[in-house]
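Work through the exercises below with the model open. Each task is followed by a stepwise solution.

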Amino acid sequence: MAPRFAYRILAWIVSALPLRVRRELWTYLAVAGSKRWQYESAAQRIPGGMYIKCSKLIRPTKGQAMRFIASRTPLPFPIVVDNFTLDGVTWLVMSRLPGHNLAGLYPQITPEIEQRLSSQLSRILAPLRAISAPGPAVCGFDGGSIYCARMAFGSPPLGPFESVDAFHRFLLNWARTLLVPEEEAVYVHETIRRAHARPQRIRLTHNDLGPHNVLVDDDWNIDITGIVDWESCAWMPEYWELTKATFLPQYRKSRWLRIMTSVFVEYAVELEAEQYIVRYREGYT
């Protein structure tokens, strides 16, 4: 991998080229990369210590969000070398971060490493959560719709919502009926009511934070070297980073749940309420 300043210089040079020339350049390098490295996490590694993503499904705002966050926080972040849309296909080229995917090392995490990861995540995410929201709306990074599998799997993006209250009403309406066992009904509905009644600030949220998107160092020190895949980045209620990160079945009762609840100890009621909505909802898509 080249020094970070070299990718910034490359980005400046490439930005002066016509879009079709840029597409030809990255296509050539993607083909060259495919002969050396496997496709991983919807991205192709290419020579020069970079990754390419190109698809009609990539949100054009992903590169914008990455540049915005990188300019305002010290988060370990890929440098966006190029980002454009041509003939309906969005291209995103970024520098490669060092390290390995945490998901691949997941079975080897000890309680001591869990505590270390919690401490690092808390420190890393603090500057992101300190960025002032543009308003009271729950919305995508650009103020538009939100891409979120928790809200509706496989559906078009949803929202924006004018407020946290409107967002909470949507979650319950989208769930249709909560099929709660009679003996639990009073407690479950009261827990949801209490969680949704708590004041919530809007925070910039990764919105897909899991071991599959966390990189750790090569030396098995389990130091976080980067957080990737900011495609779903959005302005969400402050508890959402926790509840969305522990939404997938493999993360609901696991090391990752313990790690994330140690980072966000103040949202126990919101987490419990979200778990009830997900568990007992009648509808999803």
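**Exercise 1. Characterise the contact between R150 and E274.**

Step 1. R150 and E274 form a salt bridge, with the closest N and O atoms 2.6 Å apart. The criterion is a side-chain nitrogen of Lys or Arg within 4 Å of a carboxyl oxygen of Asp or Glu.

Step 2. R150 sits in the loop between β6 (139-140) and α6 (164-174), and E274 in helix α11 (residues 268-280), so the pair ties together parts 124 residues apart in sequence. Helices (H or I, at least four residues) and strands (E, at least two) are DSSP runs, numbered from the N terminus.

Step 3. Both R150 and E274 are buried. Buried means under 20% relative accessible area, exposed over 50%, partly exposed in between (1.4 Å probe, protein chains only).

This is a predicted model: local features need pLDDT of at least 70, side-chain atom pairs count only at pLDDT 80 or more, and totals for chains, interfaces and linings use all residues. Residues are numbered from 1 along each chain as its sequence is written, and side-chain values use heavy atoms, leaving out hydrogens and water.

**Exercise 2. Classify the ring pairs of Y276 with Y187 and with Y280.**

Step 1. Rings of Phe, Tyr and Trp (its six-membered ring) pair if their centres lie within 6.5 Å; planes under 30 degrees apart are stacked, over 60 edge-to-face, the rest tilted. The count of aromatic pairs is twelve.

Step 2. Y187 and Y276 have ring centres 6.3 Å apart and planes at 90°, so the pair is edge-to-face. Y187 lies in helix α7 and Y276 in helix α11, so the pair ties together parts 89 residues apart in sequence.

Step 3. Y187 is partly exposed at 45% relative accessibility, whereas Y276 is buried at 11%.

Step 4. Y276 and Y280 are stacked: 6.2 Å centre to centre, 15° between the planes. They are four residues apart in helix α11, about one helical turn.
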